[in-house]
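Let's take a walk through a protein model, one stop at a time.

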Amino acid sequence: MPDSAQAHGQAPAAPLLAVTALDAFYGDIQALFGVSIEIARGEAVAVIGANGAGKSALLKSIAGLLRARPDAIAFEGAPIGGMPAYAVAARGIALVPEGRGLFASLSVEENLLIGGQLGRPGPWNLQRIYELFPVLAERRRLPSTSLSGGQQQMAAIGRALMANPKLLLCDEISLGLAPIVVRDIYARLPAIRGEGTSIILVEQDVVQALKAASRVYCLQEGRVALTGAAKDLTREEIAAAYFGI
Amino acid sequence: MDWVNVILQGVLVGGLYAMFAAGLSLIFGVMRLVNIAHGDLIVMAAYVALVVTQTLGIGPLTSLILVVPIMAVIGYALQWFVLNRTLGDDLLPPLLVTFGLSVIIQNGLLTLFTADSLKLQSGDIEVATIRLVEGVYVGVLPLLQFVVAVAVIAGLQFVFYRTALGRAFRATADDPAVAQLMGLDNRHVFALAMALSLAVVAITGVFLAVRANFDPSQGPARLIYGFEAVIIGGLGSLWGTLAGGLILGVAQAIGAHINPGWQILAGHIAFLFVLAVRPQGLFPKVRT
């Protein structure tokens, strides 16, 4: 495996998720070129990179929304590449989609309930989600469209957690939100990790991502340009990998 | 009293139109599929009921116990094997395929049952009437049909807004891709919606066949009434669909009372009037 994760001694021998030499396509356009990443149980990993670097394509491939070679993505040792999204969800991978993707004709609570409709057992239920995000409890009966951007993001995260995932994929959860709201949402991530859930954070907000994750992959034009422990990477290294200069 | 009777009859017939429309409205609401074969499926349900009543020697209303599940299974299979393949960004393939289906059903029924006009016999209930007040009478059968129509609409409303299945329908209608992330298999959700739609079609077909004669060519006319009721009521609103059916029924009854030749014309005029002054329908739910 060309990946250097093991060198840092944080990913154990059998990772929760292993992406190996993944190619992904939007129609005829190739978005990922031989990308390999790994994440261990309970770990938080950040995937950073500029617009169009392939971050969302990576998450969509893992979640089953983009085609992939079966053995390119292994979850708990089983190949899941190219599986339909509903089957991937049933195995315990939940995606918080870019732009939140709340169901507009469902109330806040109905959005949460539909996240839990697979009935996977685990620590998260409506009550726990309302404890994590109290503002959602106040607005549970309202249409999801009536929430502010930050509240919508909380609802989207809550909806994903309702599935009691082993792996939570977060696509640009800071997008379009005020910095204070972003800090507020990021402050809840340790509680989520505390339940044993692994998190892959896709972010353009590098500072936020480095604070929340233990390891970082930097994508550049569909390839992994840099990887390492968040605390070891220097600004210069990241800038070089991010912008390709 | 004359006009009270006319409007009452219109309302009762309107219940049947609302049932024509309910299945159509449900399918459009969940998967944006316009089912051109809807009317032919109603007529097909009437023939299924005919076979069931003749084979088992039971009455048409009792036969619903079998006809409803038979049509629901046909609906699931139809969606799973045929219609799911037509769904996508383009609205044209499902239109063409259901149009083809309409032709196939009509000709299949013609081959199997000939063009003879048939009717389901339900015995004494057909002629029984209730006197409401002096001079105002309602038939038991039309009344039952109306009550069933309201119950069907209320039942669908309950399923849509109070059950996990309805939540899945609405979520999939909102955003099919994100619904998959919740573990919902769109193909299965759509097939369940079509099964539910054809269960309603089964009830509609039996009441249609008890009320009047039917033959294989009648489907498209039922489809038109269904469409008109949906458009008058507003897309995606079930209670609106009931209102649409009633408006259509009352307009037809009034037209027929003025001049027997104006019955169908009056219904279409009421539809065109609503389309002209309120093109989104009376109670629209769908954002377009």
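Is His268(B) buried, partly exposed or exposed? His268(B) has a relative accessible area of 26%, so it counts as partly exposed (buried means under 20% relative accessible area, exposed over 50%, and partly exposed in between, using a 1.4 Å probe and protein chains only).

Some housekeeping before we go on. This is a predicted model, where local features need pLDDT of at least 70 and side-chain atom pairs count only at pLDDT 80 or more, while totals for chains, interfaces and linings use all residues. Residues are numbered from 1 along each chain as its sequence is written, chains are lettered from A and ligands numbered from 1 in the order in which they are written, and side-chain values use heavy atoms, with hydrogens and water left out.

Back to His268(B), which you'll find in helix α11 (residues 263–277) of chain B. Helices here are DSSP runs of H or I with at least four residues, strands are runs of E with at least two, and both are numbered from the N terminus. Skip the residues up to four places away in sequence, and His268(B) touches Ile224(B), Tyr225(B) and Glu228(B); contact means heavy atoms within 4.5 Å. Take Glu228(B): it is 40 residues from His268(B) in sequence, yet their C-alpha atoms are 7.9 Å apart in space. Their side chains are joined by a polar contact of 2.6 Å. (A polar contact is a pair of N or O atoms within 3.5 Å; within protein, one must be able to donate a hydrogen and the other to accept it, and residues adjacent in sequence count only if both atoms are side-chain atoms.)

Now hop over to Tyr225(B). Tyr225(B) and Tyr17(B) make a tilted aromatic pair, 4.8 Å centre to centre with 40° between the planes. The rule takes rings of Phe, Tyr and Trp (its six-membered ring) whose centres lie within 6.5 Å, and calls planes under 30 degrees apart stacked, over 60 edge-to-face and the rest tilted. Tyr17(B) lies in helix α1 (residues 2–31) of chain B and Tyr225(B) in helix α9 (residues 219–233) of chain B, so the pair ties together parts that are 208 residues apart in sequence. Both tyrosines, Tyr17(B) and Tyr225(B), are buried.

Next, see where the chains meet. On chain A, 19 residues are in contact with 17 residues of chain B. About 1,700 Å² is buried between the two chains, with carbon and sulfur atoms giving 63% of that; buried area is the accessible area (1.4 Å probe) that two parts lose on being put together, summed over both. On the chain A side, Tyr86(A), Phe103(A) and Ile114(A) lose the most area to chain B, together 35% of what that side buries.

How many salt bridges cross this interface of chain A and chain B? The rule, a side-chain nitrogen of Lys or Arg within 4 Å of a carboxyl oxygen of Asp or Glu, finds one. Arg170(B) forms a salt bridge with Glu110(A), with the closest N and O atoms 2.6 Å apart. α3(A) gives the most to the side of chain A that touches chain B, with four residues.

Last stop: Gln151(A), in helix α6 (residues 149–161) of chain A. Gln151(A) counts as buried because its relative accessibility is 13%. A polar atom of the Gln151(A) side chain lies 3.0 Å from the backbone nitrogen of Ser148(A).
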